[in-house]
Amino acid sequence: EALTGSVTVSPIGVSSQSPWKRAIPWSIAVVAVLVAGLALWNSTSPTSTPQPVSGLVVALPPEARLANLTRPALALSPDGTRLAYVATRGGSTQLYLRSMYQQEEKPLPDTEDAYLPFFSPDGQWLGFFSGGKLKKVSVSGGAPVILCDAPTPNTTASWGANDTIVFTPHTDSTLFEVPATGGTPQPLTTLDSQNEESSHDSPQVLPDGQSVLFTITSAGTPKIVVQSLETGQRRVVLEGADEARYVPTGHLVYAQAGTLMAVAFDLERLEVMSGPIPILQGIMQTTGPVNSTQLTFSDSGTLVYVPADTSLGGGRTLVWVDRKGATEPLAAPPRGYATPRLSPVGQRVAVSIDGEPDEDIWVYDIRRDALTRLTFDTASFPLWTPDGTRITFQSSKSGPRDLFWKAADGTGAEEQLLAGEFPNSPHSWSPDGKVLAFTEVHPSTNADIWLLPLEGEGKAEVFLQTPFSETGAVFSPDGDWLAYRSSESGRNEIYVRPFPTTGAKWQISTEGGDEAVWARSGNELFYRSGNKMMAVDINAEPTFTHGTPQLLFEGEYPSIGTRAAYDVTPDGRRFLMVRESEEASTVTQLNVVLNWFEELKRLVPTP
């Protein structure tokens with residue numbers, strides 16, 4: 001329930017009176033810290049020393065481009081002296097760290113495929129996500145440290161002054177907290193099913209250390225709330241906004257349609273004290289399961305952002321990869337592809353495409369080179385039925401990621417298979433098409449494996465539920481086994497259990513594993529370990545046995561962890577994978593505003 005101080009945000013119409021209605025006209029492209037000819041002075045406080053608001057441009061290293069722009073890719077240290085960003089250079093995507101006052105920048109070792117960087121309060125550590133883990137690395141050097149599992153976070157984390165990190169470990173999850181030294185994440189919030197809440201994300205531990213600011217998505221509509229870390233009491237402060245951040249000047253800022261908005265905010269009473277006012281237009285903001293704004297600022301008043309008119313280029317491509325790692329692109333045009341699935345005969349591909357304008361399911365006919373849209377109301381995680389006539393998927397159109405299916409040729413309406421209290425995602429059909437294995441994300445037991453029978457009462461039943469995270473369950477071609485991923489050993493590994501379960505299990509992977517997929521023959525099981533594609537021989541007769549994992553190839557292909565982000569051809573000779581386009585981004589420089597707090601205070605005075 002919204003208490004006093006809640007503000008409803010309406011679609012914006014930027015006032016022509018705002019001197020920042022348009023982005024600063026950047027004309028200097030240099031690496032050094034240079035000041036452009038913009039000087040705006042704070043005229044509202046005659047007793048304070050006015051500080052000039054000035055602009056500059058920071059160039060990325062030669063041939064480098066900002067990467068992973070579907071999530072926030074920038075982070076400034078609290079004192080504004082260091083900038084971290086995710087960039088692709090020479091075919092490798094990793095974290096870079098540069099000084100804001102020197103021409104010094106360096107790639108951080110062992111941060112390949114990193115995303116969502118964030119700093120510790122003292123600026124000495126950089127947190128990030130990679131390979132289904134939450135990690136940290138010292139800005140002074142050294143190897144990254146794994147803190148805990150984080151399979152599919154969508155939004156960045158917040159490192160509080162009490163040395164705990166608040167984050168969202170799963171897509172469509174609640175907030176969890178973990179010690180900055182590592183450990184088992186503990187739930188911090190719970191979803192309110194009566195209000196149709198589907199996710200909690202974009203957390204920020206407020207300066208008082210006693211409360212956290214975050215976004216709730218409820219029935220498809222976002223709102224900003226503050227929750228006490230001591231009592232759990234929650235207060236709505238902004239309706240119709242997301243990704244808000246508290247600024248030390250006494251403001252909340254958030255982006256809406258590429259424009260940075262601000263409201264005055266009383267930190268002691270946790271109340272909004274003014275209506276929203278636009279303060280800067282022209283910021284890159286991508287849409288998807290959550291909005292991602294490419295903007296970061298320091299406590300000292302430095303702002304860094306990516307301009308909205310920068311091209312994102314081609315996005316991702318679909319490629320064939322043989323067992324030795326050689327690639328061959330499909331003719332499908334570059335788009336925001338994710339989790340492709342081959343039809344049973346291997347001639348069509350069901351795939352999620354992000355940004356159309358929302359994420360939806362498309363079908364690509366390989367023989368005809370035709371890409372056809374299947375869903376029109378936000379859907380993801382496609383899965384063919386064994387006979388190839390329907391495609392199963394998850395959608396939030398009526399709840400927190402419920403399960404649906406629709407005729408693969410696009411005819412007829414989609415039908416709901418399951419309406420759950422918590423988010424669900426489909427993973428595998430039994431070979432006879434009678435049972436669907438899916439994952440439910442529960443606030444108390446993490447991710448659990450459930451089964452939905454189509455015969456009888458059609459009531460979902462638990463297959464595996466523990467305090468650990470179990471997900472990605474896939475039926476063997478004969479239907480006698482289920483392979484899945486579990487964190488029970490302290491890291492993600494691939495296991496196999498009989499179906500129906502007897503309690504027996506076999507650990508297949510040996511050095512970490514995600515994204516299990518069976519060969520159609522049933523004699524081989526594939527999985528990924530970081531960038532490595534692994535294969536294991538399987539023999540189920542007369543008893544279940546398995547071989548030693550063998551490396552097939554290595555490659556930087558997007559990974560989800562909780563569900564295979566690839567598929568295998570019926571003959572087992574090629575893998576259908578998603579690859580970041582070489583021209584996925586043309587972002588080679590970043591805009592910087594120094595002392596932007598002065599302009600913020602001038603445009604949005606605090607009481």
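Predicted model: local features only at pLDDT ≥ 70, side-chain atom pairs only at ≥ 80, totals over all residues.

Q: OK, strand 17 then. How many of its residues are buried?
A: Strand 17, residues 211-218, has 8 of its 8 residues buried, and is mostly covered.

Q: Which residues point which way from strand 17?
A: Ser-211, Leu-213, Thr-215 and Thr-217 point one way, while Val-212, Phe-214, Ile-216 and Ser-218 point the other way. Both sets are buried. As a general point, side chains in a regular strand alternate between the two faces of the sheet.

Q: What does strand 16 do with strand 17?
A: Strand 16, residues 197-205, runs antiparallel to strand 17, with 6 bridges joining them. Gln-204 has Leu-213 as its bridge partner in strand 17. The two strands form a hairpin with 5 residues between them, and Gly-209 in the turn has a positive phi of about 70°.

Q: And strand 18, how many bridges join it to strand 17?
A: There are 8 bridges between strand 17 and strand 18, residues 221-228, again antiparallel. Val-212 stands opposite Gln-227 in strand 18.

Q: Moving on. Why is strand 40 described as largely enclosed?
A: Because 8 of the 8 residues of strand 40, residues 435-442, are buried. Val-435, Ala-437, Thr-439 and Val-441 point one way, with Leu-436, Phe-438, Glu-440 and His-442 pointing the other way, and all are buried.

Q: What about strand 39 and strand 40, how do they pair?
A: In the antiparallel sense, over 5 bridges, with strand 39 covering residues 424-429. Trp-429 has Leu-436 as its bridge partner in strand 40. Strand 39 and strand 40 form a hairpin with 5 residues between them, where Gly-433 in the turn has a positive phi of about 75°.

Q: How many bridges for strand 40 and strand 41?
A: They pair over 8 bridges, in the antiparallel sense. Glu-440 stands opposite Asp-448 in strand 41.

Q: Where does Trp-450 lie?
A: Trp-450 is in strand 41, residues 446-453.

Q: Buried or exposed, that Trp-450?
A: Trp-450 has a relative accessible area of 16%, so it counts as buried.

Q: What does Trp-450 touch away from its sequence neighbours?
A: Leaving out residues up to four places away in sequence, its contacts include Leu-436, Phe-438, Glu-440, Val-462 and Phe-463. The C-alpha atoms of Trp-450 and Pro-426 are separated by 9.6 Å, and these residues are 24 apart along the chain.

Q: What does Leu-590 touch?
A: Among its contacts, not counting residues up to four places away in sequence, are Leu-56, Val-58, Leu-66, Leu-83 and Val-304.

Q: Last one, rings. How many aromatic pairs?
A: The structure holds 19 aromatic pairs. One aromatic cluster is formed by Tyr-115, Phe-118, Phe-129, Trp-159 and Phe-167.

Q: Which Arg residues sit over Trp rings?
A: One is Arg-390, whose charged end sits over the ring of Trp-405, 4.3 Å from its centre. Another is Arg-574, which lies over the face of Trp-320 at 4.2 Å from the ring centre.

Key: Residues numbered from 1 in each chain as written. Heavy atoms only, no water. Phe/Tyr/Trp six-rings, centres within 6.5 Å; stacked < 30°, edge-to-face > 60°. Lys NZ or Arg CZ within 6 Å of the ring centre and 35° of its normal. Contact = heavy atoms within 4.5 Å. Helix = DSSP H or I, 4+ residues; strand = E, 2+ residues; numbered from the N terminus. Buried < 20%, exposed > 50% of the residue type's maximum accessible area, 1.4 Å probe, protein only. Pairing = 2+ DSSP bridges.
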